Each structure stands twice: as structure tokens, then as C-alpha cells.
Number of protein chains: 2
Amino acid sequence: MAQKPSIPKGTRDFSPAEVAKRNYIIQKIQEQFQKFGFQPIETPSFENSETLMGKYGEEGDRLIFKILNSGDFLRKADKQAYEEQDSQKLTASISEKALRYDLTVPFARFVVQHRNELEFPFKRYQIQPVWRADRPQKGRFREFFQCDADVVGSTSLWQEVEFVQLYDAVFTALGLQGVTIKINNRKVLSGFAEVIGESDKLIDFTVALDKLDKIGEEGVKKEMQEKGISAEAIQKIQRVFDLKGDFSEKINVLKTILSTSEVGKKGIEELEFINNSIEALGLETAKLDLDVTLARGLNYYTGAIFEVSAPEKVQMGSIGGGGRYDDLTGIFGMSDVSGVGISFGLDRIYLVLEELDLFPETVSRNIEVLFINFGENESLYCLKAIKNLRNKGIAAELYPDEAKMKKQMNHANKRDIPFVVLAGAEEISNQKFTLKNMRSGEQSSVSMEELSAVLRNEE
Amino acid sequence: MAQKPSIPKGTRDFSPAEVAKRNYIIQKIQEQFQKFGFQPIETPSFENSETLMGKYGEEGDRLIFKILNSGDFLRKADKQAYEEQDSQKLTASISEKALRYDLTVPFARFVVQHRNELEFPFKRYQIQPVWRADRPQKGRFREFFQCDADVVGSTSLWQEVEFVQLYDAVFTALGLQGVTIKINNRKVLSGFAEVIGESDKLIDFTVALDKLDKIGEEGVKKEMQEKGISAEAIQKIQRVFDLKGDFSEKINVLKTILSTSEVGKKGIEELEFINNSIEALGLETAKLDLDVTLARGLNYYTGAIFEVSAPEKVQMGSIGGGGRYDDLTGIFGMSDVSGVGISFGLDRIYLVLEELDLFPETVSRNIEVLFINFGENESLYCLKAIKNLRNKGIAAELYPDEAKMKKQMNHANKRDIPFVVLAGAEEISNQKFTLKNMRSGEQSSVSMEELSAVLRNEE
């Protein structure tokens, strides 16, 4: 019986126009990755479950898609879990593989597994889908692409400088002016917790601070107090809430706030180095800003933290993020390997470019010309010309059936094909083609050479 | 505790060099797809199970990777199957989604689901991974890419002619000369079964015939007899085994063999049309050949059947295949839509190009130049030049640490970077760069302009 076809929630079909636009963004990102010296790797869509489980916290473990073992999977099922009908406990015994949840953990696994073949520092990029069993909602999907660039094996701050430039280069290449690259440093956050005497509450402190633009100063302070941070302690960092001005001005205030914290001063030094270098090198279209509230999964990052905001006129969350994590590969037994990387949010960048009408008109590749089908002999005449055009790089095709003229012209219109060629007995005897410009309606009789010249100019 | 990292059997990590080579092939295929008027679509990695199950036969159903439902999946488990510990029966109730097994069924689902948005004939291409729980072996993986081009909504034989040309165009673009595009027609196979009076044994007959190059004439005849086809019947098609000569010569023999079969004659007519058209249009590097033993999953195809063989000097199975299937979308309730399409075997094409050394030397994109790091000031001087080079499209990077000269030069050597720039205090004061050609060892002092000119010429 016929099924009414549908796709799983949170997943998407992409039409030709959508694929073309997505590939346009990916290509621009890729070009810059390569110019900056990053090389592509790809990892399998599914990993052994133990590679992924426990790496993203409890919530993450739940959101990982597990693949059911093939064959008689119950034969190896955990008997006790089976009797207790405990889904969670049963899972490990009936599912050995799981779909990639992000690109970072597979990358860490890759580095450790191939450590002897790699030359360090190793700069890789990776553009592949990931899967999360999140509740689907606007702009959040169960299958989506991540575009990551990371360096492992270098603690140099020039990497951070390079990543700021890389963000600038990509968004400039995409014609997206006015993005803000926000930067912070985990050490500065540690410094704050230290100077208020609440180092043991670092996480609670930063989670609250991270919400400043959502719940406001009073909200943050309330949350901090609820987490047991004293009003007196909070008072000590009042100046953090009052931070204003440009990067250097903020740095100057931080220097006084964190004057007693070694780790805090180290963080400031790093931020200053990055900012000074960027000032010397200049950015094309982006702006670098210091945002001391930025945390982004604090437990992960150990140095710089990045986040990119779309231009202010667009309502959109972050369109990129990243940072430095000092022990990327430790989970797989290779310690003391520092990593730093950034990610581009393909779906959100897509929405921003769409909203600002920044996709080039030519992005949806289409054929340049449709040849009308007047019958067998005429078709053969046309196919020879089509072959000639394709050899010159021009996309062309023959309407496959000897249908009514109107139907064939409609087909060209619906596909938005800019030119149509009509070649009947007369054209064949003169070795000519009637070329019709579908936009202007203009028609002309042209030779093979003229035909390819006109179409090549139009591309 | 540290885990020894590994990946699931049948899956692969791809190194930068491998990704570059794979992308090279994909790009060449894609370029031709586009020139021939095919447009890209993408579908989700997993589909609802009912979209896939039952579409590939019993064996196929077993080889489909199922995704375990999220959360407390046992809550909805089939109670009876659970008590009986029947894995197969239990599956449907604990798994709603499954990984794509090929690109054809998702494409059929796509066409039916989006029928109102599509303009027919619809020519799509799709290059995405598929997953099969096959036993991994040499050249057979559990995750691999398919590269498909199909047309739906046209019964015109010009499509078949176009696909032969498309194969020729792609393999020509890849520099792979001497491939053979083998063609057959399901109607010819039906004709054979008809003229020997064994139409009800069509499948057994063609399955046996398909093995001619593996088990030889006697083997095929033996298998046919085992399936209940009489020696007398087999005798009637002795001339099929003796078929020799070029395309037209074989056609002439077929005409006498199938003179009493209407369906057989129709098949011959189609083959002749395609061959005559291709002769008129010419092929660049491929050869078209008639192979009446070709079946390729006969139940699927209703007209033309294609298969591409690598050049004879390479030991490799087929590197592409396809055909016409008259009721692609019927399984999803949209009948009378004819489809015809071809597929490229990415992994095998890769192996063939590797064996014949046909990958261009420049395929692995790498940076053109590494700037040696002599300290902070020098690095900033270098980064300004690097930015300049990148703006001109040249991939360049700075060694991130002020390491020993030898270590930095080794890094350039190991990554096979063709040029190195050394810029110390003297170079800075002269606004120059010392450029070293890592192959020749030659060194020269150049200005910024000269530097980019040299590097641009090398690309």
C-alpha cells in the first residue's frame, strides 16, 4: 500500500536552490580555511559508543542518537536490565555505535589514533553533519552541519590572533559586514571568582554572569546570591557590571579589578596581546570586542573564548564560537596537547544572508540554455551543439520530448532558464541556431561560434 | 580512564590527502552533472523506518542500520516480542528511524513529497553517504558515498543517450581513458525468456546469464538447467553465448534471435536508437558496448541497463551503473513516473585513479609558504605580509612558536611546503623578505610585490 511520505521531525530536505546556497557558504568558509593553512579531514558518521558517551555531560548522553546492533541484538542484552525493563541500563548492551554529536570529540579521537602520522602543530578543518536528539524548534535541527577549524599542539597566542582574522576573512568573503567578534578569557573569569573569594563557586558565578544580556544586572546578582555568593562579594565586582568603552578602556578597568589575582592578570595579558596584534594587523569588516560575561560552556575552555554576533540589524543569536581548551586529547590518553578552534554556524549564517539578501544572484547554478525539441533529426543537430557548449563549460540541455512548443517554453520559464535555442529544418540547412533571450524576448539567428560567445558572456 | 581510540569496523577516517583526492573526484563529477542540467538535492541521513523497510528485499532490511528511539524506549516496546525476546519483531517498536541505505528510495520519497514544487522532467543529482550493515571486506564499507544522477518524468530515450555521454564526460574529465560503458535492455532479456518459452523463469534465467564472465558458458548452462530450464530451451539461445563483434553486429544477430518476440524487438529498437545517436555524437574517451548478459538487479530496471568497466589494465569491478525503472515513485503512491539514472562508484574510481597515478600532483591543497617565527616583532611583520598574500589568494601561515630554526624548517619539510620566508631584523629594516625555495634550496631577497608574484606563479 502506498505510504504518505514524510521525514523525521527535526530533519530537512534541501531543494536545489537551498543546496546551492548552503554550498556557497561552505565554499567561502573552506577557501579561507585553506588560505589560513587548515587541511580537511573527515571522520565516520558513527563512532563506537564509548568514544562519545560521557563526553558531553548527562544531558549530552541522552541526546546522542544510538544505533541498534544488527542481527539478533537481544542475544547479548544485559539480562538484569532486560528483566527490569530499564531502557537506559539496557542501551549499552544492545547498541555499540552512536551518531557523531559534534566534531570536536571525533577530532580528538582522530588526533590520538593517528598521532604518529600527524605533524604538529596540526591544523585541521572539518565540515560534516552532526546529530542531536534535541527537541526540534525554530532554527534547531536534529541533523545539522558543523564547520570547525582547530589547531592542536600549539600554545602560541598567534593562533588566537589568526582565528580572529579568520572570522573576519570569512564574513568579509560572505559580504556580511558589521559582525562583532566577542572575546573573553577563562582566566579572567577565574580571576573574578578569586578576587571575590569565591573560587569554589566559579561555575555558578560565570553561569550567572553569562546571562547578563538576558536577565540584566539585577537578575544576575539575584542568581549569584541564590547560589550562595555573598552580597559583599558581588559588591567587589560591581565594576564588572559597569564596564564600558572600547577594548583598551575595558582592559584598563580589569587591570585594577584583578590587580591581586595572578591568574586574572595572565588572562588580561593574553587579551591585550590579541587585541594589540589585531590593532596592528587591522580587520576588514569585523569588530573585535571584549565581553567579560562570555562563558560558553566554561568547563571546556581554559583560555580564550570567542563568540561572533551577527550585525545588530539582524535578530539572531551567535553565528560562531570557539576557544582554547588545554587538554583536548586527555580523554583518549594523550595529555598536554593544547587545542584552540572556532566553529561557524552554517544554518544561522544562511538565515542572516537570506534576511540581508546577500546571496549572489548567480548562486543557484542552472543551465544557461534549453534547446527546444522538434523531433529526432533536429534533436541530434541540437545535441551536437550542446556537446560543443558543454566542452566550453556552458551548462545546456535538450528538452527530452517532442512536446508542444508552448509546453517546452513553459518549462524553460518555470526553471528560469535565461536562453532558449530553436533549431528546425531551416536552421539546420543554414547551420544556424535561433537564440531567444527569455528575459528580453529578443531573438537572433546565430552561428555555433556566436552561440557559445553569447552564452559565455552571460555566465 | 583513558580509552584506546578506534572506529567501528567498516568505517574510515580520511586524512587531508585522502579528503583532497575524494573531493577532486566529486568535484569533477559535480561539474559534469551541472553542465548536463542536473541540480543538487540533499535528503536527511535518517528516514522514517517505514520509508526504507521493505524496499530492498529481506536481505536489504537486515542490512539497514536502525536508530534506537530516544528516552525510555522500552515503554512503547511490543510486549509480546519483548517476552519472546524476538529481536526482529521487537525492532519496529523500539526504533522509528533508520539510516539511508541508498539515494534512490529517499529520492523517490522526495519527489512524491515535493511533487507540487517540482517542475518535471526533474533532473537531480545527489552526492551523500549511505550506510549498510554489510560484512566489511576489501573495498566494501559500512559507510560510503553514492553519487547519483537521475531524471524523473520523462520516457524519452534521449535521456539514455545523455547518460552515456555523461559517463564519457566524467571519465574524460578525470583523465581515465578506456572505460567501457556496457549497455543492455531488460526487454531484450524478457525477449530471450520469451523465445525459449520460459517467461516465468525470467529471473532465474537472467541471474544465471549475468554470471557468464564469472562461471563461463558451461557454468551458466548448468545453473539454468538446475533452475528447471530445459536443454532444448537453452539450445535455442546458443547464439546469445556466441555473440561477437561490434555493437551493430551484435544487434543484427539479436534481430534474428528475437524476431518472434515483440518485447524483444522493442528492446533492440531502443538499443539501436541509443547506439546510432552515440555514433552520430561521438564519445571522447569511452567506448559503448552491448552486453546482453548484463542484468544488475533485474527486478528494478525496466528498460536500459548500464554498467561501466574500468580500463582493462586495472583489476576492478564496475565503477558505475544504472538504468531505467518505470515506476520509481509507485511505492509512495505516485504512479506512472518513469525514472532513469546512473551512479558513480566513488571508492572504486578512487582506487583506479590511484593505481594509474591519475591524480594531479596539485590535488592536495597545502599552503604555498611558511613564515619562520623569529619572535614577536618579526611575527607581526610576517603576519602583515601573510594577510597580504591571502588577500591575493595565496595560502600562507606563520610558524606559531619561536622555536629553533631547524625545528621550523623540518616542519616545512614534513608538510612538503614549497617555500619558506625568513624575515629578521635586517629584512624588516629593508622592508624585504628572504624567500627560500625548499626544493631547489635557492634563496633570494624579495620585496612584498616580488614575493606575491613568485608565489602566484608557483600555484
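Tutor: Happy to! Let's start with a loop: A:Asp336 sits between strand 10 (318-325) and strand 11 (339-344) of chain A. Helices (H or I, at least four residues) and strands (E, at least two) are DSSP runs, numbered from the N terminus. This is a predicted model, where local features need pLDDT of at least 70, side-chain atom pairs count only at pLDDT 80 or more, and totals for chains, interfaces and linings use all residues. Residues are numbered from 1 along each chain as its sequence is written, chains are lettered from A and ligands numbered from 1 in the order in which they are written, and side-chain values use heavy atoms, with hydrogens and water left out.

Student: What is the phi of A:Asp336 like?

Tutor: A:Asp336 is not a glycine, yet its phi is positive, about 60°.

Student: Where is there a cis peptide bond in chain A?

Tutor: Between A:Phe120 and A:Pro121, with omega about -5°. A:Pro121 belongs to the loop between helix 6 (104-113) and strand 5 (122-131) of chain A.

Student: And what about B:Phe120 and B:Pro121?

Tutor: The bond from B:Phe120 to B:Pro121 is cis, with omega near -5°. You'll find B:Pro121 in the loop between helix 6 (104-113) and strand 5 (122-131) of chain B.

Student: New topic! How many residues are in contact between chain A and chain B?

Tutor: 107 residues of chain A are in contact with 107 residues of chain B, where contact means heavy atoms within 4.5 Å. About 9,100 Å² is buried between the two chains, and carbon and sulfur atoms give 57% of that. Buried area is the accessible area (1.4 Å probe) that two parts lose on being put together, summed over both.

Student: Which three residues supply more of chain A's share than any other three?

Tutor: A:Lys35, A:Trp158 and A:Arg390, which supply 8% of the area that chain A buries against chain B.

Student: How many salt bridges cross that interface?

Tutor: The rule finds 10 salt bridges across the interface of chain A and chain B; each needs a side-chain nitrogen of Lys or Arg within 4 Å of a carboxyl oxygen of Asp or Glu. B:Lys123 and A:Glu397 form a salt bridge through their side chains, at 3.4 Å from N to O. As for the side of chain A that touches chain B, helix 16 (residues 376-391) of chain A gives the largest share, eight residues.

Student: How many salt bridges are there over all chains?

Tutor: The whole structure has 54 salt bridges over all chains. Another example joins the side chains of A:Lys221 and A:Glu217, at 2.8 Å from N to O. Both residues lie in helix 10 of chain A, four residues apart, about one turn of the helix.

Student: Why is the pair of A:Trp158 and A:Phe273 edge-to-face?

Tutor: Because the planes of the two rings, A:Trp158 and A:Phe273, are at 70°, with centres 4.9 Å apart. A:Trp158 is in helix 7 (residues 158-173) and A:Phe273 in helix 14 (residues 262-281) of chain A, 115 residues apart, so the pair links distant parts of the chain.

Methods: Phe/Tyr/Trp six-rings, centres within 6.5 Å; stacked < 30°, edge-to-face > 60°.
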